Amino acid sequence: MTFSRKILSRLLLVAAAPLFLAACGVNAIPTKEETAKAQWAEVQNQYQRRADLVPNLVETVKGFAAQERNVLTEVTEARASATQVKIDAETLTDPAKFQQFAAAQDRLSGVLGRLMMIQERYPDLKSNQNFLALQSQLEGTENRIAIARRDYNEAVRTYNLEFKTFPNSFWTVVHRNSKPMQLFAANEAAQAAPTVSFAPAEPAPQAPAATPAP
């Protein structure tokens, strides 16, 4: 082989190397996309688990604290909203729908926090075995939700990175239906412990007595 042919062969190898590397990653986008969708299914599963706990929790609290109807109503309405807002794996790329779903779930988290604090005012409720069991299940579910959201976010970050890094980004032309997915953002308002005061209301000020006429 002549010197010129050797040079030409090396140049062809150099030119073909990026395409070869890209070909190695042709399945990276769909594979990581499916991983992210699987993690999303786990997020939905845990949110549904929480939604299933709410009716029994509300009924138990109502049996001891029916007068707390404002909080009970808010929890019921928040649960209804959270279960009505639907988003499937095919719409995870829609920012508006995703944020609507996340906001509904965060609202339920917030009002559930208020509901759980009611127990401090009712000793009988605080020691009720059914309530304690539901409280434990709710706490466990909230932990599972946090883990599921974390794992989903990590899977989505890995997947979304494929659209930005070469050579795998080369295949976004091939996978035209694949798009970056949305991430959960921390909601400080929902995560903060609610402030609930059980102090008795101060009596209204009395009007001064009229001065008797001389």
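1. Start with Q46. Leaving aside neighbours within four places in sequence, Q46 is in contact with T141, R144, I145 and A148. Contact here means heavy atoms within 4.5 Å. Q46 is found in helix α2. Helices (H or I, at least four residues) and strands (E, at least two) are DSSP runs, numbered from the N terminus. Q46 is buried, at a relative accessible area of 5%. The cut-offs are these: buried is under 20% relative accessible area, exposed is over 50%, and partly exposed lies in between (1.4 Å probe, protein chains only).

2. A word on the model. This is a predicted model, in which local features need pLDDT of at least 70 and side-chain atom pairs count only at pLDDT 80 or more, while totals for chains, interfaces and linings use all residues. Residues are numbered from 1 along each chain as its sequence is written, and side-chain values use heavy atoms, with hydrogens and water left out.

3. Now the whole chain. Its secondary structure comes to seven helices and zero strands. Along the sequence the pattern reads α-α-α-α-α-α-α. Of the 214 residues, 33% count as buried. Among contacts in the chain with a separation of 6 or more, 79% come from residues 24 or more positions apart. The chain exposes about 13600 Å², and carbon and sulfur atoms supply 56% of that area. Accessible areas come from the Shrake-Rupley method with a 1.4 Å probe; for residues, only the protein chains shown count as cover.

4. Look next at α4. This helix has 23 residues and reaches 33 Å from its first C-alpha to its last, close to the 33 Å expected at 1.5 Å a residue. The expected span is 1.5 Å times one less than the number of residues. At the start of α4, a side-chain oxygen of D94 comes within 3.0 Å of the backbone nitrogen of A96. P95 is also found in α4, and P95 is partly exposed at 44% relative accessibility. P95 and Q182 are 87 residues apart in sequence, yet 6.3 Å apart in space, C-alpha to C-alpha.

5. Which residues of α4 are buried? The list includes F98, F101, A102, L108 and M116. Q105 of α4 is buried too, at 4% relative accessibility. Not counting residues up to four places away in sequence, Q105 touches Y47, R50 and A82.

6. Turn to the aromatic rings. A pair of rings is described by the distance of the centres and the angle of the planes. Rings of Phe, Tyr and Trp (its six-membered ring) pair if their centres lie within 6.5 Å; planes under 30 degrees apart count as stacked, over 60 as edge-to-face and the rest as tilted. By this rule the count comes to eight aromatic pairs. Take W40 and F184: their ring centres are 5.9 Å apart and their planes meet at 25°, so the pair is stacked. W40 lies in helix α2 (residues 28-64) and F184 in the loop between α6 (129-161) and α7 (188-191), so the pair ties together parts that are 144 residues apart in sequence. W40 is buried at 1% relative accessible area. F184 is buried at 6%.

7. Why does the pair of F98 and Y152 count as stacked? Their ring centres are 6.2 Å apart and their planes are at 20°, so the pair is stacked. F98 lies in helix α4 (residues 95-117) and Y152 in helix α6, so this pair ties together parts that are 54 residues apart in sequence. Both F98 and Y152 are buried. Ring pairs link W40, Y47, F98, F101, Y152 and F184 into a cluster.

8. Last, the charged side chains. A salt bridge is a side-chain nitrogen of Lys or Arg within 4 Å of a carboxyl oxygen of Asp or Glu. The structure holds 10 salt bridges. R121 and E68 form one of them (3.3 Å, N to O). R121 lies in the loop between α4 and α5 (123-126) and E68 in the loop between α2 and α3 (69-84), so the pair ties together parts that are 53 residues apart in sequence. R121 is partly exposed at 44%, whereas E68 is buried at 13%.

9. Another salt bridge joins E34 and K37, with the closest N and O atoms 3.9 Å apart. The two sit three residues apart in helix α2, so about one helical turn separates them. E34 is partly exposed at 48%, while K37 counts as buried at 15%.

Notes. Polar contact = N/O pair within 3.5 Å; in protein donor to acceptor, adjacent residues only side chain to side chain.
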